[in-house]
Structure formats: C-alpha cells, structure tokens
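Biologist: I would like a close look at a single part of this model, taken slowly and with the criteria spelled out.

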Amino acid sequence: MFDDDTIVALATPTGSSAISVIRISGKKSISTVETIFSSVHYGKKLENQSTHTIHLGYIVVDNIDDRSDSSRRNYLDQVLVSIFRSPFSYTGENMIEISCHGSYYIQQQILQLLIRKGIRLARPGEFTFRAFLNKKMDLSQAEAIADLILSDNQASHELSLQQIKGALTSTIKNLRKKLLDFYSLLELELDFSEENVIFAKRSDLFSFLKDLEETLKDLIESFSLGNSIKKGIYVVIIGEPNVGKSTLFNYVIKESRSIISNIEGTTRDSIEGELILNGIHFHFVDTAGIRDPKDTIEKMGVRKTMEKIQEAQVLLYLLDASKNDRKKQKKILKKIQIIHEKNPLKKILLIANKSDLSSFKDFYNLKSKFSYFFEISAKNHHGIKKILYTLSQLFIEKLKEKNIIVTQNRHYEALKKSLKEVLLAHDALSKKVPEDLVSIHIKEALHHLGKITGEITNEEVLKNIFSKFCIGK
Ligand SMILES: Nc1nc2c(ncn2[C@@H]2O[C@H](COP(=O)(O)OP(=O)(O)OP(=O)(O)O)[C@@H](O)[C@H]2O)c(=O)[nH]1
Ligand SMILES: [Mg+2]
C-alpha cells in the first residue's frame, strides 16, 4: 500500500472559488515545484528557503514549442507557495501547498503540470495515511480527522476534536501498557513453571482486571451517545390521530411540511425535518397516528410509525389534553409502558397538547409517573420552547458526564471483543486454572485494544479506513 512517490492533490473542492489549495508531499515536492515556480524576487530559489515560510510568485508553463527560449515562458497564475520541511509537516514528509486562484482551469493546469514532472495523483486519504505511517497521529486520530471534515454541527465537531487531541488514544495506550506488564509477568511465570514462582501478584491482577472491565464498559456505553450525536438524534413524534403531532412538527422544524387537518388519520406517511439545537443535530419525525387502521394505506402508515419508533432515541408522546380523563390516562399509561418495556433505552417525553382547550386539568396519574411531562398548545406555540430546551439538555448533560466518547463503529467492536476477553481472563483467574489459559485471554484483549490505536493492524483495515477520506486529505 505504501510507496515513497511524491504525491499531489487538490485539497479544496474543484470548481470556482476565491482560492484553491494544491498539496504536494514527498521527497521531490520542493525540487519539482521549483521547476514550475518563478518568485517575484528574481533568482529566489525554493530549495534554499526554510520550513514554514510562504513565497509569492508565478506558476510558469513551459512553451511546448520552444522550451529554451525563456522570453516565451507563460505565466499561468500568481500564487503563494508554502513550504513545510520534514518532519514538521502534516504528513511528516517534505510538503508544499500552492494557494492559487480558484478557477477550474488553473487547478487542472497546475495538477497536470506537476504530473508531467513525475508527481503522482494522491489516492483518497493518502496524505493522512502517510501521517499515520510517520507516527504523526495514530489510527483513531486519523479516523477522527475524517469525522471532523464531515461534522456539520457543534456537538459532532467537538467529539471529533476530542478524539484528534488523543483522549481515547491515551486511555487505551495506558490500559494496554498495564495489561502488557501483567502479560509479561504471566509469561515469565510460564517460563519458570517448574520452579512454581509467582511474578504477577494475583490480588493486583484481579483489581486491575476489574478496573479495566469498568473502563471498557464505560467506553462501550458511550458509543450509543457518540454515534447518535455523530449521525443526528432521532426524535419521533407519536400519539393517537388528531392530537396535533403535525402541528407540533411543523412548528418545530419551522416549515409547513406536514398537512394539518381535523380529520383523523391525515398523516399517513412519516415525514422528517431537521433542527440544530444548541449545536446538536436532531432529526424530527412526524408519524401516522396510532390506532386500529381503517384501510390498507393507513395500515402501512401505522407499520411505518412502529419502525420509526425503533430508530428513535427520543419519543415525543402526544395526547389531546382536551379529551383527557382518568380512563384515558390509564389506557395511555399502559401503551407507553409497553413501548418503554420494548425500548428501555429510549427517552419518552409525554406531552399534553391543546392545553388552550382543556378544562380538565387533572393529570395526576400521568404527571406522577413521568419525569418528563409537558403541557403545551402546539397551535398557539405555547410551552414548546421548554420541550426543545429539555431535549438539548438531555444530551448536553450526557456529553458533560463522559470524559471520552466513542464514536467509531470499529472502536466499539474492538472494545466489546476486548471486554469479552477481560471477563474470560477474570473468570479463569478466579477458577485458578493454569496461567497459560489466563494469559491467552489477556493476549487477545491486548490484541483488540491495539487495533483501536493502530498498534496492531492489517492492510485491509487500513485500506478501509483511508478509502473513506476524500482525495487531498
Ligand atoms: N385548539 C387547538 N387545536 C390544535 C392544537 N394543535 C393542533 N390542533 C388542531 O388539531 C387538529 C389536528 O391536528 P394535526 O396536527 O393534523 O394532528 P395529527 O396528530 O397530526 O393528526 P393525524 O395526522 O391525523 O394523526 C387540527 O385541526 C389542528 O389545528 C392546539 O394546541 N390547540
Ligand atoms: Mg398528522
């Protein structure tokens, strides 16, 4: 997968823009750019310039007909050339960034010029891959860079930054180091098995495995939060027909996307809309009211509602406050209980709508049973701010609680496998089975932890990770 070719790529999007940046990395970057660059200071050579310096000049296109005649050299564009010398660059190699004017023609001409001079077009993620190989970052940090580029809201931006800074890496590395120490001691015991000596104090190993188990469980648990923040949090509005789901939905997403009417069963499909609240991305979903369907289409709508409930992280359960009585309350409680039993991890917010009409103010049963209960009027926009505030707080609080949040599926899988081995090691140790069996599980746990940071990796995993990057990164 690796060669030491000098590579080039456009780092900014193709097409017109104020400026574009072309990146070059590898041994020949400075000397090759030298051949197409002419400084505004006569005779100034890039080769003689130090790292982290910027130079103004022109990109020069050789006249194909007469290369020897310097008066016939064409200027393609006025550019700035930045020099980064190894190892003080993103990739760790010699690098150049050409900031040119952002015309498609200029971008392509410069790329072609460089390719003609023997530089190869970079593959997706190749700059970052080289940074990884040159130990500028580990694998989890490289993955976080891909996420950072894709992040479209404050929360996912913060999550990827946290990972780039290496919080996950240093935790995993620390755990791995300690585990490795124990592993070495156990292996040593095996070497001296005839003498029956003990190097790894069992009580220490026990308590370390217990701590490790807690940390791994914590990280694994953080994944559901990290993943939902990265992808956006699904908030699904459900309830019986005509309770005002679409009215609330339209108001929240600030668009009249759903049809509102006083006919029961107006919404038959699920409709989605986006909202960013305090930097967190939410997908709101309006659904068909849940009741015994009157026809096939409604049946399909209700089925879809059930599917959307599965996808949700939060359910907004709406009811009509004007039709509220104790019998109805009991029925609703029962329904919600069933939903909750099937989906224990989902937050359910109970919302009594049409409070403007309600003469029946007794929500005793529901209020006492729900930590999240709101009275609103979707039509008059009363009480909705409080719901939105609660929604964002739910996730902001959770974010603050966690020091490290796992966002990558790959890490999640590796952590789960590692935990399984730690539990097996713990179990083996307590059953006093021979050391070599304990040590096998510890070795496996080490292996899976090492995959997160890239200390242990294979070509297929690397290919998979870096192919997700765009060209130029
Ligand atoms: N008075 C009052 N009427 C409301 C309120 N919210 C919604 N409505 C009315 O209730 C009726 C039903 O509203 P929708 O938003 O279509 O209800 P829905 O839950 O989406 O209904 P389905 O799609 O049929 O399941 C409409 O006539 C709305 O104008 C409210 O807060 N107060
Ligand atoms: Mg509706």
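This is a predicted model: local features need pLDDT of at least 70, side-chain atom pairs count only at pLDDT 80 or more; totals for chains, interfaces and linings use all residues.

Modeller: Residues are numbered from 1 along each chain as its sequence is written, while chains are lettered from A and ligands numbered from 1 in the order in which they are written.

S11 and S12 pair in the parallel sense, over seven bridges; strands here are DSSP runs of E with at least two residues, helices are runs of H or I with at least four, both numbered from the N terminus, and two strands pair if DSSP finds at least two bridges between them. Within this pairing, Leu 316 stands opposite Leu 349 of S12. To get from S11 to S12 the chain passes through helix H10, residues 326-342, in a right-handed β-α-β crossover, the term meaning that, with the strands pointing away from the viewer, the path from the first strand over the helix to the second runs clockwise.

Strand S12 itself, residues 347-353, is mostly covered, since five of its seven residues are buried, a residue being buried if 20 or more other C-beta atoms, placed from the backbone, lie within 10 Å of its own. S12 also pairs with S13, again in the parallel sense, over three bridges, and there the partner of Ala 352 is Glu 375 in S13.

These strands belong to an open sheet of six with the order S9-S10-S8-S11-S12-S13 and mixed pairing. Strand S9 (271-277) and strand S13 (373-375) are the edges, each pairing on one side only, and the twist from one strand to the next averages 25 degrees, with axes fitted as lines to C-alpha atoms (for helices over the stretch in contact) and angles running from 0 to 180 degrees between N-to-C directions.

Elsewhere in the sheet, strand S8 (residues 233-239) runs parallel to strand S10 (residues 280-286), and five bridges join them; Ile 233 has Phe 282 as its bridge partner in S10. Helix H9, residues 296-311, packs on the sheet and touches S8, S10 and strand S11 (314-320), its direction making about 140 degrees with that of S8, where contact requires the C-beta atoms of two residues, placed from the backbone, to lie within 7 Å.

Methods: A residue is buried if 20 or more other C-beta atoms lie within 10 Å of its own, exposed if 12 or fewer, and partly exposed in between; C-beta atoms are placed from the backbone.
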